[in-house]
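Please consult the sequence and structure shown below.

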Amino acid sequence: MKRTATYAAAAIAAVVLAVLPAFLGAYPLNVARSVMTYMALAVSWDMLLRSGQISFGIAGLFGLGSYASALLVLRAGMDPVLSLVFATLLTGAIAYALGFAVLRLRAMYFSITTLALAEIFRIVLHNLHDFSGGPEGVVLPGVIFGGAAPALYWLCLAGLAITLGTSWYFERSKLHLALTAIRNDETSARASGVDIFKYLLVAFTVTSTLQGMMGAIQVQSYGFTTPETAFDANFTLLPLAMALLGGIHSTLGPIAGAVLLGIASEWLKLKIPYGHLVVYGIIIVLVILLMPRGLVGLARNRRAGRRA
Amino acid sequence: MANKRNRTAGLVLAAAVLGILVWRPTVLIYGLQAAGLYASIAIPMGLILGIVHIVNLAHGEFMMAASYLTYTICRASGMDPYLALLPVAAVTAAFGFLVYRLTIRRALKAPELNQLILTFGLAILLTQAANLLFTSQTRKLSFEYVSASVDIGDLSFGVYNFVFVAIAVAMVVGLRLFLTRTKAGKAALAVGQNPRGAAIVGIDVDRAYALTFALASAMVGLMGAVFITRSSIFPAVGSPFTMKSFCLIAMAGIGNIPGILASSVLLGVSENFLKAFRGTREWADIVFFVLIISVILGRSIRGKKA
């Protein structure tokens, strides 16, 4: 019964989102795209977090996907749509290879290394002038789909749908049990026969692939990028704050957080051009101290309280 | 164990240093100066990590805030940053104490995840607050004594930055004396080694943590005041130092404060080594990231074998 209701709600939401371009102008669609991008990143970050590993390298993989897609079009003359697929797979392959090294690390060492990797990607692309355009970045011959706002919106929505679908699958598969076991107690998970490294590698590769995919979609929708925009720290920071506010270890939490913070930040950006992100810092600190389970956790507690 | 490792690391470094001295003296001079800067910022973070066992991802931002404070004071009163040094350190000590009391203390028992994200949030809060108050425009105070230089034969180089080397060495010596000679320092050291054991023998763990946090904040505040004599500041100026400091501490091993000096020399000299050549100059920034990753990975692999 409850499950049917959830499916119905998801279906209605999907239909509403899909027909939105018929009613909205270019600016609201642009805001919607930015919210959806951050939402996908927030959900993918949370997917890895469910195993207890905190990545600070979202921007690194996002930027890697951006550059892979842009350079495939520019240097290999690939079709933009095809480049999205290849850039996504390429990011995944790089993450898979890196996973063998970084997934041996735990806790703060893992987090700091992911942060450092993001910086390495940025510096390499910044310095390879002839290949990546150096600090000036790259300009594509054109925006994908001729820059039609509804088409760009649907492309971004598709990326989000893939991410949410993967997250939903993660939550319902054996993988979820394995990742939760690793998060709760690695030693006892190992003792129960969970192949920890394998599951972490799957989670790391899949989430990185999703982040690269959103990066590729972003660069094709704007038609240009620079190392500073593709690897902008905000791509790490905002998704993190969104997932925390909404409630970690779930799909619903990051979605709620992204809608709230995404719209709030568009509004704040207009009101306070410098330093509107201070709100994000305050939110992160307050959420960690006062409601570590986020809004979803709060709602769940309230419901449980009413029932009791 | 740590002493023996320090000694071998020291010997290898000394050999490398001698080689470079003969071949390209400026690499060594500027490398040492950079090392002094890195070490004096990393040491307070190492103190917190060694005793409170918390990675303060807002460490560089503490320094940035202190630099802005110094900037405001010196702009308003025309004072030299060296005169503002002690008041600034006092303010940051109080600030560090408050931050500990209001936030860190509540997250001590929480999973490490929460602590990391909490200090990450503090870092964003400080950077963006600076953005809000001062905008992202760079600020600078200029002083003549900064450009002091010395000529030895054909060689001419700036000497002002040696002040950082002096500060770093003073910090190491001062901390050693504090941790082994004073009652509060011994208590802090004991808490760092085993908080539960320390609590059993009657040491106030919470007080030791608060004191450590305040002391480290005072040290980094002092660095903030000195930092502005030499560099322009902007809201994001501190964040690379957070990562560099963590890297240097990880390289030295947590709790090994003199080791931070050695790892700083390694980082400073290798960065300046790359800067000495036109073709590799732009890649100097990457040295540190390569170092951090190889060190961390090396440690984890060695840890697996042992």
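Leaving aside neighbours within four places in sequence, A:Ile284 is in contact with A:Ala241 and A:Leu244, and also with B:Ile117, B:Phe120, B:Gly121 and B:Ile124. The model is predicted.

**Contact between chains A and B**
- Chain A contributes 30 residues to the contact, and chain B contributes 33 residues.
- On the side of chain B that touches chain A, the elements giving two or more residues are α4 (81-107), α5 (112-134), α10 (239-252) and α12 (284-305) of chain B.
- With 15 residues, α5(B) gives the most to this side of chain B.
- Sorted by class, the side of chain B that touches chain A comprises 21 nonpolar, 8 polar and 4 charged residues.

**Nonpolar core**
- The largest nonpolar core has 196 residues, and A:Met39, A:Ala241 and A:Ile284 are those with the most contacts inside it.
- Helix α2 (residues 25-51) of chain B supplies the largest share of this core, 17 residues.

**Surroundings of A:Met39**
- A:Met39 lies in helix α2 (residues 26-49) of chain A.
- A:Met39 counts as buried because it has 28 C-beta neighbours inside 10 Å, where 20 or more are required.
- Not counting residues up to four places away in sequence, A:Met39 touches A:Leu160, A:Pro254, A:Ile255 and A:Ala258.
- A:Met39 and A:Pro254 are separated by 215 residues in sequence, yet their C-alpha atoms are 6.6 Å apart in space.

How values were computed
Residues numbered from 1 in each chain as written. Chains lettered and ligands numbered in written order. Predicted model: local features only at pLDDT ≥ 70, side-chain atom pairs only at ≥ 80, totals over all residues. Contact = placed C-beta atoms within 7 Å. Helix = DSSP H or I, 4+ residues; strand = E, 2+ residues; numbered from the N terminus. Nonpolar A, V, L, I, M, F, W, Y, C, P; charged D, E, K, R; others polar. Core = buried A, V, L, I, M, F, W, Y, C linked by C-beta atoms within 7 Å. Buried ≥ 20, exposed ≤ 12 C-beta atoms within 10 Å, placed from the backbone.
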